[in-house]
Amino acid sequence: ADHRLKDVEFTETTCGFCAVGCRFQLVSKDDEVLGAVPTDDPADAPVNDFSTCVKGKFGYEFANSDERLTTPLVRGDDGELHEATWEEALSRVAEGFESIRERSGPDALAAFASSKCTNEEDYLMQKFARAVLGTKNVDNCARLCHSSTVAALKQTLGYGAMSNRINEDIGDADAYLITGSNTTESHPVLATRIKRNVDAGADLVVFDPRKVEIAEHASQYVRTDPGYDVAWINGLIRYIVANDLHDAEFVEDRTRNFEALREKVEPFTPEEVERLAGVAPEDLKRAAETVAGADSVVFGWAMGMTQHSHGTQNVLALADLALVTGNLGEPGAGVSPFRGHNNVQGGGGDMGTLPNLLPGYRDPGDPDVLDEFEDAWGVRPPAEEGLTVPEVFDEALAGNVEGLYVMGENPALSEPDLAHAEEALQALDFLVVQDVFPTETAAYADVVLPAATFSEKEGTFTNTERRVQLVGQATDPPGDARQDWAIIQALANRIDHAGDAWTYDGPADVMDEIADVAPIYGGITHDRLDEEGGLQWPCEDESDPGTPYLYEEEFNFPDGRARFVPADTGEPGDLPSEEFPLTMTTGRVLYHWHTGTLTRKVEGLLDHVGEAFVEVNPQTAERLGIADGERVRVESPRGSIEVRAEIGDRPGDGVVFVPMHFADGAVNRLTGDHVDPTSGIPEYKVSSVRIRRL
Ligand code: SF4
């Protein structure tokens with residue numbers, strides 16, 4: 001027997017990678033995580049029972065990496081980062097932020113929270129920005145993934161979140177329309193649920209410019225031209241309404257503004273849809289009849305819908321389609337934005353890590369709301385809207401943002417147009433990075449603070465179905481690294497500010513404050529989560545069992561009715577040209593996660609996919625004379641990368657795909673700076689490029 005298995009400890013926790021929110025037990029010994037095994041009781045893992053994907057099984061290994069940050073680092077007069085004590089590092093941060101605030105005012109400072117951190121940590125980060133630094137500028141990386149979803153769903157349905165459950169609704173729908181989601185590779189356990197139901201007879205319709213793996217299971221796959229999604233969605237709505245296939249009773253009883261929708265979709269005839277989006281009339285008709293004819297439809301999407309210069313319009317159109325077919329407020333149906341990071345629902349939005357909303361999506365423009373926060377914090381939060389992530393970079397370059405605090409994010413790889421982002425990071429007067437590894441962003445920092453990862457902390461994550469679940473601590477952080485909440489609290493008590501001193505005992509204590517100020521979390525406590533398992537918000541008081549699916553009785557507006565908001569089509573910002581004739585799109589692979597700061601430290605995952613590549617359709621490759629496996633240069637008007645070519649028919653002719661996870665061959669050297677005007681989300685999904693042989 002392996003002697004290492006003696007005296008091991010088992011800690012129940014929630015996966016730190018994606019927002020499916022799988023639960024499992026970490027096996028640890030002597031402050032080292034040895035493995036991950038299923039929970040004893042499937043009831044403790046409501047989403048995944050006993051299964052996990054490869055990242056859940058092996059992805060924890062990065063926690064044991066020798067490359068972890070174990071001590072604070074402070075940049076010295078020689079321009080290098082040097083090891084420092086916490087005392088030195090915290091003083092340097094306090095001085096840095098205070099001197100900028102004194103010189104240029106609080107709005108010369110900005111803070112980025114992290115969808116990888118716990119709810120409690122993200123709540124404290126936005127409170128630190130607003131109540132301690134006094135700045136209105138706080139945002140997080142959800143700006144880059146689903147901010148357009150939140151903007152669109154809030155306008156149409158009232159909550160900017162998934163309406164339904166993973167198992168009971170997504171797992172049991174009569175039909176699916178999935179678009180802009182590589183579900184199998186990005187949300188593997190959720191994809192398994194869908195595929196199981198499709199095997200049992202459910203219809204699956206996939207619209208996507210790239211024939212992603214889940215499309216192999218579809219009853220109908222439709223290849224679309226990148227960037228024209230409103231056209232085919234409005235085309236579906238037009239066909240459904242024109243043929244009286246819509247749910248007239250639902251529209252009459254539960255919605256407003258239907259006539260405006262009918263008028264808006266009128267020009268989207270099948271011929272016009274074919275011209276704009278490359279969808280053949282017979283494909284449009286077949287998909288419309290499937291969607292309108294099914295008893296319950298789940299509309300699933302991810303960043304292929306959201307990361308466009310008209311991403312909000314794309315999601316508005318999807319919400320309109322769900323409403324017109326009456327697929328909301330009942331089991332088995334609903335709108336399902338598949339969120340990315342483990343805690344992007346909670347840390348990316350619910351906790352108020354947004355420049356325009358306070359915790360619980362509360363409006364800082366409402367003086368009564370500000371009164372409540374002032375009572376809780378001892379200081380009034382700023383009422384004005386702050387800067388989004390891309391705006392912070394623009395304003396840093398303009399000299400208006402001088403200091404930035406980045407927790408758990410890696411904008412030096414995740415921002416579009418990296419040359420621009422690097423210039424902005426260099427232009428900052430003072431940058432603090434708090435992370436578990438010396439990331440590409442940490443290379444620009446004045447102070448680097450070593451933090452803990454998910455296996456080293458307690459708290460909660462909220463998964464993509466609004467389920468708040470506990471995170472358990474299996475090991476201590478390495479060396480002098482500390483949990484993020486403790487670092488933020490130490491900084492708050494060191495920086496001069498008008499509010500109350502921070503005296504949280506731990507994350508459970510922070511959750512109690514969240515419950516006080518954010519009514520959708522009003523009934524959530526760590527004790528309850530421990531006893532009852534996850535709770536889905538809104539959960540307004542201790543007797544509220546939570547809300548498995550939204551909008552059963554009414555939509556989240558004073559009159560209880562949903563709003564049709566007709567969507568506009570538009571051109572992508574960076575169309576192919578004679579010089580750059582190909583369209584590049586970006587995305588994930590199964591074995592890695594986002595900028596790869598964690599997964600690129602795991603040998604078992606690197607063995608599967610160890611470097612960036614460009615996926616090229618065989619016809620495109622033949623025209624360019626490129627062979628499979630050949631190294632090529634991909635160039636855009638912004639920059640170039642050298643990567644291996646993979647020939648395959650997932651993308652269509654003229655479209656190429658590059659994954660987002662790698663520093664060498666960083667795709668964001670190529671992406672541009674076009675953003676959606678409503679949400680500020682960058683257009684990662686459409687960039688003009690060319691490929692040259694080396
Ligand atoms: Fe973790 Fe997502 Fe994989 Fe589940 S599907 S194990 S939450 S990465």
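Trainee: Which is the crossing of helix 3 and helix 20, left-handed or right-handed?
Mentor: Good place to start! This is a predicted model, where local features need pLDDT of at least 70, side-chain atom pairs count only at pLDDT 80 or more, and totals for chains, interfaces and linings use all residues. Residues are numbered from 1 along each chain as its sequence is written, while helices (H or I, at least four residues) and strands (E, at least two) are DSSP runs numbered from the N terminus. A crossing is left-handed if the near helix is turned anticlockwise from the far one by less than a right angle, and right-handed if clockwise; that of helix 3 and helix 20 is left-handed.

Trainee: At what angle do the axes of helix 3 and helix 20 cross?
Mentor: The axes are lines fitted to C-alpha atoms over the stretch in contact, and angles run from 0 to 180 degrees between N-to-C directions. Helix 3 spans residues 119-133 and helix 20 spans residues 507-517. Their axes come within 9 Å, and the crossing angle is roughly 65°.

Trainee: How many nonpolar, polar and charged residues does the contact of helix 3 with helix 20 have?
Mentor: Contact means that two C-beta atoms, placed from the backbone, lie within 7 Å. Ala, Val, Leu, Ile, Met, Phe, Trp, Tyr, Cys and Pro count as nonpolar, Asp, Glu, Lys and Arg as charged, and the others, Gly among them, as polar. Helix 3 brings N119, E120, Y123 and L124, and helix 20 brings P507, V510, M511 and I514. By class, that contact has six nonpolar, one polar and one charged.

Trainee: Which residues of helix 20 are buried?
Mentor: A residue is buried if 20 or more other C-beta atoms, placed from the backbone, lie within 10 Å of its own, exposed if 12 or fewer, and partly exposed in between. The cover over the buried residues of helix 20 includes helix 3, helix 15 (367-377) and helix 21 (526-532). The buried residues are P507, V510, M511, I514, A515 and V517.

Trainee: Which residues does V93 contact, leaving aside its neighbours within four places in sequence?
Mentor: V93 sits in helix 2 (residues 86-104). With 25 other C-beta atoms within 10 Å, V93 is buried. Beyond those sequence neighbours, its contacts are V432, V447 and L491.

Trainee: What is the phi of R466?
Mentor: Most residues other than glycine have a negative phi, and most peptide bonds are trans. R466 is in the loop between strand 17 and strand 18 (467-471), and counts as buried because there are 29 C-beta neighbours inside 10 Å. R466 has a positive phi, near 65°.

Trainee: Which residues does a cis peptide bond join?
Mentor: Look at the loop between strand 19 (535-536) and strand 20 (562-563), where P538 has its place. Omega is about 0° for the bond joining W537 and P538.
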